[in-house]
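Subject: Structure for your review

Dear colleague,

Please find below the structure that I am handing over to you. My notes on what was found in it follow directly after.

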Amino acid sequence: MSKDILSARADFPILTQTVNDLPLVYLDNAATTQKPQSVIDAISHYYSTTNANIHRGNHTLAVQATQAYEGVRKKVASYLNASSPDQIIFTRGTTESVNLVAYSFGQAFVKEGDEIIVSQLEHHSNYVPWELMCQRQGATFRVIPFDENGELNLQDFRELLTDKTRLVAINHVSNSLGTVNPIEEIVRIAHSANVPVLVDGAQAVQHLPHDVQALDADFYAFSGHKMYAPMGVGVLYGKKEWLEKMPPFQSGGEMIDEVTPTRVTFNVLPYKFEAGTPNVADVIGLGAAIDYINQFDFAQLQAYEEDLLTYGLDLLKAIPGLKIYGNPKHRSAILPFNVEGIQHYDLGILLDAKGIAVRTGQHCTQPIMDALQIPGTVRASLALYNTREDLDALAHGIQRVIRLIKR
Ligand code: PLP
């Protein structure tokens, strides 16, 4: 039987804390999620019982650590429904995963006059690496704009796609507006022009179905820390047809096959892209986070979070002077807003005084803020342990701040 979602909160020790003498209401999950005890224990257990450097050792601990690390690769492959664990590359996070592809794919396949397409809804992590790669390779950087609802117009996308396009990089869910992009359709359109697609799944992999084969994504990137795992570990999934042709991103130990003064050959996948000692303990933590999520019925979890989002949006919409940004047909886990007459930063500080953690600012998406012509927003964002009470506390907190400021 699957685990009851309402029991999740008790698994996260940090959530029992008070902040500023009030119970913590944690609504900054798009920045990072909290960690369940099982993840904290898995890391501690690894260091207490198993720690050794992996792959190269033949003593007991090295073998056990290697098995544990490679076991998580299989777990991630299964979580993403990848056809093989060799397609799973461990990185530091989404940012490193995207940079890996931008450097390696760029070097192999992008030349002067070529084009790369991203969207205006991207986090800087899936924008700047492509912009800089285009500068290095002499390629043109194209951006699909978003409309008044915060959605991408697929006709604009079709028009940007040319025989010079080498890759499309798009997030599944916008971290600033919560827009769920029609990613299956974007992949279909790109593939009809023989263009591969990198999907930034940083805000999707924990909330929405995550089947890379069904999606047919060529690359899929995510961060562990946004899905209840530790910081410092992430994943790049790639189709073998691309990964095998791409040169290594970083070089050093593990990624080599033979090394001589005149010739270096490379290890097989995925090791070709994992130079140096990896972050074994946090990979173990990622495995524990996947086990944690897998206890729930994912469809139920999704329905629970959707209900929570609708509840929160309705509460916020009822507050006079509060403006919610974007009105996409499908939104996930993000409530972006401002209150008339109150700076987003001040509102964040005043909510914090009430124990409510939200994020304020540009959220690493200056292109979105520039398009909206605002300096930033307040962003509340959800995770599976949030409850309606958290959103009641947020709405109540905002109303109290409004009363205080407008007195
Ligand atoms: N992409 C999206 C959509 C994000 O929300 C984030 C982080 O907020 C990133 C990429 C970058 O993730 P990280 O900083 O974990 O590499």
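The second largest cavity holds about 40 Å³ of space. (A cavity is a set of points, on a 1 Å grid over the protein atoms alone, where a 1.4 Å probe fits but cannot get out; lining residues have an atom within 4 Å of a point. Grid points are joined across faces, edges and corners, and a volume is the space filled by probe spheres set on the points.) Its lining consists of Ala30, Val173, Gln203, His207, Ser332, Ala333, Ile334, Ser381 and Leu382. By class, five of these residues are nonpolar, four are polar and none is charged. (Ala, Val, Leu, Ile, Met, Phe, Trp, Tyr, Cys and Pro count as nonpolar, Asp, Glu, Lys and Arg as charged, and the others, Gly among them, as polar.)

Please note that this is a predicted model, in which local features need pLDDT of at least 70 and side-chain atom pairs count only at pLDDT 80 or more, while totals for chains, interfaces and linings use all residues. Residues are numbered from 1 along each chain as its sequence is written, and side-chain values use heavy atoms, with hydrogens and water left out.

The largest cavity contains about 70 Å³ of space, and its lining is formed by His207, Leu208, Gln302, Glu305, Glu306, Leu309, His330, Arg331, Ser332 and Ala333. Three of these lining residues are nonpolar, four polar and three charged.

Helix 3 (residues 94-109) supplies the largest share of the lining, three residues. (Helices, H or I with at least four residues, and strands, E with at least two, are DSSP runs numbered from the N terminus.) The pocket lining comprises five nonpolar, 12 polar and six charged residues.

Two further residues may be noted. Valine 264 belongs to strand 12 (residues 264-266) and is partly exposed, with a relative accessible area of 42%. (Buried means under 20% relative accessible area, exposed over 50%, and partly exposed in between, with a 1.4 Å probe and protein chains only.) Glutamine 366 is in helix 12 (residues 366-372) and is also partly exposed, at 36% relative accessible area.

Yours sincerely

Definitions and conventions. On a 1 Å grid over the protein atoms alone, a cavity is a set of points where a 1.4 Å probe fits but cannot get out, and a pocket is an open set with protein on both sides within 12 Å along at least five of seven lines; lining residues have an atom within 4 Å of a point.
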